[in-house]
Amino acid sequence: MKNINITEQNIVLGSSHLSEKSDMKYFDRVKFMENNMFENMAYKLYLEKIGSNDEDLKILDEFKKRYKKYRLDWILSPSEQYQKNKIFNKETTIPNPLCVDIEIAAICDLACPHCYRESIMTPDKTISEELFKKVIDAVVKLDVPSIKLNWRGEPLLHPKIINFIEYAKKNKILEVMINTNCTNLNTEMCEKLIDSGIDHIIFSFDGGTKETYNKMRPGRFRKNNFNEIYNNIRQFSEIKKKKGSLFPTTKIQMVLTKETRSEVESFYNLFNGFVDDVTVIQYNERGGNLEEIKEISRTRIQDWIKNKNLVSDTPFMVTVDEKIFLSKGRKPCPQLFQRLMITYDGKVGMCCHDWGAQHCIGYLDKRAFNEKIEIEKLEKSILNNKKGFELLRKTSRPRVYNSPKPKVSNLNEIWHGDDLNKVRSIHSKKKLEELDVCKNCTFKDTYEWYEI
């Protein structure tokens, strides 16, 4: 195996960590996790289960090795699989998934204008405890090391989130993560999350000023407030420090948009010192809403495309420091060998960029067959201008790119099944344009970039 330095930068490709441009030290979450495995709740609960009162160095080393292998495989496994195989089928030997994203809540209490929820109808629903435990039991059977407890919604809106985290850690899942908008991150929730054993929390916060934040993150059911959310995040840090807890590690991230590009440094200044990592991430800028970038960058892109006789909708990417990259082609997606996405009702998706599993690859629960009914209810609420739905008027029904046989399968069958293997085979041949769901995908890792 190659000698590779596993850092967060290897893993979060295309993100800009502000520590590179500031006095904030770079936070290597992977190394931190490995060095502090003795505080991982899965490890501590396992020792308790086998009746060991002291740290067992042999078991601790096994946990560390398992985690390190997981992070190495995340980086190396996709390219190794694409190099080995051009056609994937049930006879192809591939490793199990490394992460399963479980949508415990599809509902969200915000209506951020840059979110897919504002264009694709998303039911305000939560997962059942029965289905959640069924998924966790399947994850354990496949020895999946990591789970994330959200996708399209706000996980803290599920009343049993703490129970879910604890159930996962009791089942030796090494890494449990969430993204949260922090609207429900009150004192009690801070205490419970820290005590639950969750490993990593990503705070989503768009804007370096009160005015921009309030514009980018409007509330659906009540007014969202910059000061409240900012204080929630600060309070979380203070409670964690008071408890003397190493976990969870924390990251705050902002999406680069027209409104936030000029506020990168102020965003950093807001959070330096009480989160572990400050990051900005790319918005969906491929193929061009040129209004989302600065005038000088827009002009450079347009002139380059014209002078080089490129197609007008050539995908582009503009980094936080205004470096401009254009696409020279597509490449296979690594997510097809890294993770699976599971909706609140048991639909299974192949990647996090296929909003709500429109290219569905299987079903874990028969309730997923009733999605059309939930969409119709949602559409009615929007048309009737029901409270909380006023900002969703521009949404449309999700498309159906793929329809597997309407039967309930298990996670292993879906991961190794025909529907996902067909996608892998197309990606292996770099023919992404043959798949409607992948043709205009905005995931930066499926493009080959060159700087202009």
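C360 is buried, with a relative accessible area of 2% (buried means under 20%, with a 1.4 Å probe and protein chains only). One heads-up: this is a predicted model, where local features need pLDDT of at least 70, side-chain atom pairs count only at pLDDT 80 or more, and totals for chains, interfaces and linings use all residues. Residues are numbered from 1 along each chain as its sequence is written, and side-chain values use heavy atoms, leaving out hydrogens and water.

**Exercise 1.** How many disulfides does a search of the whole structure find?

*Solution.* 
- Start with the criterion: a pair of cysteine sulfur atoms within 2.5 Å.
- The search of the whole structure ends with 0 disulfides.

**Exercise 2.** In what order do the 3 strands of the open sheet lie, and which strands stand at the edges?

*Solution.* 
- Strands are DSSP E runs of at least two residues, numbered from the N terminus, and two of them pair if DSSP finds at least two bridges between them.
- The order is β8-β9-β13, with antiparallel pairing.
- β8 (316-318) and β13 (447-451) each have a single partner strand, so they are the edges, and one side of each lacks a neighbour in the sheet.
- For β9 (residues 324-330), 5 bridges join it to β13; L326, for instance, has Y450 in β13 as its bridge partner.

Conventions:
Helix = DSSP H or I, 4+ residues; strand = E, 2+ residues; numbered from the N terminus. Buried < 20%, exposed > 50% of the residue type's maximum accessible area, 1.4 Å probe, protein only.
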